[in-house]
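Look at the chain from one end to the other before reading on.

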Amino acid sequence: MSNEAPNQARVIPLRPQSVRPGNARPVSERPATTPPREPAARQTREPLWRDLVGDVLRRERLAQERTLKDVADAARISMPYLSEVERGRKEASSEVLAAAAHALGLGLGDLLSLAQGELTRHSARSRRAVPGSPYNGMALAA
């Protein structure tokens, strides 16, 4: 007498299978795991500080027609790390930012001020883009 179980397992799907004729679910119904889409106004988000600083560093370097290697050597930062900072992939310390700024002939305050200006411009654009916002770029004078 053999009590061996068959070598097959029963598979229970975690997600509903695609809709086939005869299934009870209507075709238009979404699976419960799909989040509802947000309105376009909510999808625009403020940029990260590291992205703004990186953009300013790259823009200043390119305006001076300098290579990444040149600036990295002058700042005593590794070239791959400076590249990551410029692309907004690394959150650089204030020492690294100051070294990169000085290598470009800027002070740390200048770099941060330029990044702050970018953030201000982005905030102003996103406020105008939100329908129904009281700050839509219009001003009335009495």
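In what order do the elements of the chain run from the N terminus on? They run α-α-α-α-α-α, and the chain has six helices and zero strands. Helices (H or I, at least four residues) and strands (E, at least two) are DSSP runs, numbered from the N terminus. This is a predicted model, in which local features need pLDDT of at least 70, side-chain atom pairs count only at pLDDT 80 or more, and totals for chains, interfaces and linings use all residues. Residues are numbered from 1 along each chain as its sequence is written, and side-chain values use heavy atoms, with hydrogens and water left out.

Of the 142 residues of the chain, 21% count as buried; buried means under 20% relative accessible area, with a 1.4 Å probe and protein chains only. In soluble globular proteins, nonpolar side chains tend to be buried together.

Leaving aside neighbours within four places in sequence, L57 is in contact (heavy atoms within 4.5 Å) with residues including V85, L97 and L111.

R66 lies in the loop between α2 (49-63) and α3 (68-75). A polar atom of the R66 side chain is 2.6 Å from the backbone oxygen of A103. Beyond its neighbours within four places in sequence, R66 is in contact with R61, V71, A74, A103 and L104.

Notes
Buried means under 20% relative accessible area, exposed over 50%, partly exposed in between (1.4 Å probe, protein chains only). A polar contact is a pair of N or O atoms within 3.5 Å; within protein, one must be able to donate a hydrogen and the other to accept it, and residues adjacent in sequence count only if both atoms are side-chain atoms.
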